[in-house]
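Hi there,

Here is the structure I promised to pass on. Have a look at it first, and then read my notes below.

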Amino acid sequence: MALIINLQHFFSEYRAKLGANNMRAMVVFVGDADWSFQQFNSLTQHTSKKDDVINGEDSLKITIFSALPTIDLPHISAKNYRQFLGTEQQSIFFTITDDFQVDAFAALSGTIIAGGVMYLSITPEFIDTSLFSQRFISIANAQSNIIVTTQTNQMAISPEEFTDVEVDSIERSSDMINKHSYSITAEQSHAVDKILHVVNGHRNRPLVLTADRGRGKSTALAIAAAEILQQANKQIIISAPHPDALAIFFKHLKLLLPINSVTEHGHHQLSYQTSQLNFVPLDALVSNKPNCHLLMIDEAAGVPLPILRLLLSYYHRQVFVSTIHGYEGAGRGFSGKFLKELKLLRPEGQHLHIKQPIRWRDGDPLEQFTFSSLLLNAELKTAHYDATQDVQYQFIGATKLFADETLLQQVFSLLVTAHYQTKPSDLKMLLDNPNVSVALIQQRDTQANNILGVALLLTEGGISTDLSQKVKQSLRRIRGHLIPQSLLVHSGVEQAFNFSYQRVVRIAIHPEIQQQGLGSKLLNYCQQQAAQQGSDFIASSFGANSQLMQYWFNNHYKVARLGFTKDAASGEHSAMVLKALTPNAEQLLKDVNHNFQQSLNYYLTDEYKNLPTDLVITLLNKQQIIGSVNQQDRQACADFAQGYRVLSSCAPALNRYLRYMLTNNSVHCLQDRLGLAVLIRKVIQKHNVEQICDEFSLTGKKALIATLRSYVGEHLS
């Protein structure tokens, strides 16, 4: 019983110390699930009665992550953890048996308030089979303010072993809004002032507000929004990659506005007197462009750069808010690329970073552990590249990454920088998935092996015929076999699982040395290695935009499929590209690509009707070249350009002639991008006049026709 006695001392003494220092703790139980819960139950039993654990205002509020049906406490599952992101938990009991839901752990740890505790239960059997968990426990053991205790070795731990934390005074602001007792840090108060200045100051001076988790950036948005709504006739739009990310914002916004003064019109839509605030999804924001006095984008690191650019070009008063570290998105990719572009496009814009935590103090043990164990603090080193010197390549596996922490951090920091959807679970995939391999391109310098880029690959295919039939019949879906599964289910390739694939899940070149051909060199190396291993295809899947699609085309990949629906996070259709490495694969890819090209013309007026025109151009450039256009079509184009015939009578000829020019990749045809985009929308994607005028800010049908006549006369006649 020494363990329980000492851990109870921890609760009575160290937990009091945590509360006084505005910090949180973590207790890890390594043992079977029943034993772990017994220890947890013993620790919390003295705090309050079971019913009070949930309902008592002054008691320890505990939520269970996992299915423990015999325990009468609130449960969180892997499927619904996101709905808890806007909550504040005093403690969470997180169980790990046959899988480690890493993204849920990262997210839920941020909901625990100061003085709270994250309890984590993990079985020894799971640790034995997981390099990720071995590293996780090792880091926990090495951090003095984290308790790790095992079922086989119940070591007594005294509170004196924990690191003391000096208490500094936290600078607070006494600002109140509508007489609510809502004190904030001076940094947060400064952020509110900056947001208000975006609305009341000069146009085209956007604000970028960044912070790590728990710094109160969403609350700052809510405070500013409450003040703006109390002005007459103000329209605010807020958006984010996921509506769940706005739970804290709306919670505090409702608290800040006068009681009984808010009218809710639906989910995340409300009004105060004559002002309104509405949540608008990213895809609707891009396609409809609703008017507003202020556009707020929360978790902007999770929004693809093409979408951010579009929003920046259309709206004149914007606030971009984002987490720099964490499960929400690749913050450093956002800060590394978007902020640089913003400085060029909107030099009067400002960037404000909040450092002071709100929910806990600097040096919080749980935050430090989460950052270290999930590599949320992995720093991207400066790259040293000499174009006159050779580069080296190598494939590495999980064992090498596990053994070399510096290498692991370098690899993961590159992956985080390169992709907006990199998650903590990707770190677990790196270390635990036997089908994953990592390719490096590097250049040796005097200090170390200088990593210039990294590619993450996944082996797919090669499952049984019986299992593939279940996939075809929609009875099964198999994780980790995206390419053959999509070929079978969506493209009707019966023999898809008879082939083997290497899928490029991520490819990242250091942002300081991009646009020098290193990505293509690394991709070519991956192709050579895949061929040597006997793979039939090398492939990839990604959110399609013109620039990315052209990159894969330049490396001689062919499109197999373009998804019908937009990805919720990226707002882009998912493209699947392949390159054949064997003769049999070559024939299959030829057939699949031909079917895609044949279907593209139809889908451009249906599922792909709103595909960006730049992407349409890129796709049509790769269609089979049309030999010629007859004289009647040429004459119809000339007649339309000169105003002799109306658009409707010439539209079929314009369609054929434009496709001919695009498939021949006519540079002359591509010069006037506005006229080309308008023509594509009208004669290829068949949008109506009102849609086109709204999209391209044309005053009406006459302006549209004039734009088309000018373009056709200059480029198609």
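Lys217 belongs to helix α8 (residues 217–229) and Glu299 to the loop between β14 (294–297) and α11 (305–314), so the pair ties together parts that are 82 residues apart in sequence. Helices (H or I, at least four residues) and strands (E, at least two) are DSSP runs, numbered from the N terminus.

Before I go on, a word on the source: this is a predicted model, in which local features need pLDDT of at least 70 and side-chain atom pairs count only at pLDDT 80 or more, while totals for chains, interfaces and linings use all residues. Residues are numbered from 1 along each chain as its sequence is written, and side-chain values use heavy atoms, with hydrogens and water left out.

Now the overall picture. The protein has 717 residues, and 54% of them count as buried. It contains 27 helices and 23 strands. Its accessible surface comes to about 31700 Å², and carbon and sulfur atoms account for 48% of that (Shrake-Rupley method with a 1.4 Å probe; for residues, only the protein chains shown count as cover). Of the contacts between residues at least 6 apart in sequence, 71% join residues at least 24 apart; a contact means heavy atoms within 4.5 Å.

Back to the charges. Side chains of opposite charge can pair when their charged atoms come close. The count of salt bridges comes to 12. In one of them Arg24 pairs with Asp364, and the closest N and O atoms are 2.7 Å apart. Arg24 sits in the loop between α1 (2–20) and β1, and Asp364 in the loop between β16 (350–354) and α13 (365–373), so this pair ties together parts that are 340 residues apart in sequence. Arg24 counts as buried because its relative accessibility is 2%, and Asp364 is buried too, at 0%.

Arg673 and Asp614 form another salt bridge, with 3.1 Å between the closest N and O atoms. Here Arg673 in helix α25 (residues 673–684) is linked to Asp614 in helix α22 (residues 613–621), 59 residues away. Arg673 is partly exposed, at 40% relative accessibility, and Asp614 is partly exposed at 38%. Salt bridges with shared partners also join Asp99, Lys428 and Asp432 into one network.

What does Phe564 touch, leaving aside its neighbours within four places in sequence? The contacts of Phe564 are His573, Tyr603, Glu607 and Tyr608. Phe564 lies in strand β22 (residues 558–566) and is partly exposed, with a relative accessible area of 36%. Between Phe564 and Tyr608 there are 7.0 Å from C-alpha to C-alpha, although the two are 44 residues apart in sequence.

Asp32 counts as partly exposed, at 34% relative accessibility.

Happy browsing, and write back with any questions!

Note on methods: Buried means under 20% relative accessible area, exposed over 50%, partly exposed in between (1.4 Å probe, protein chains only). A salt bridge is a side-chain nitrogen of Lys or Arg within 4 Å of a carboxyl oxygen of Asp or Glu.
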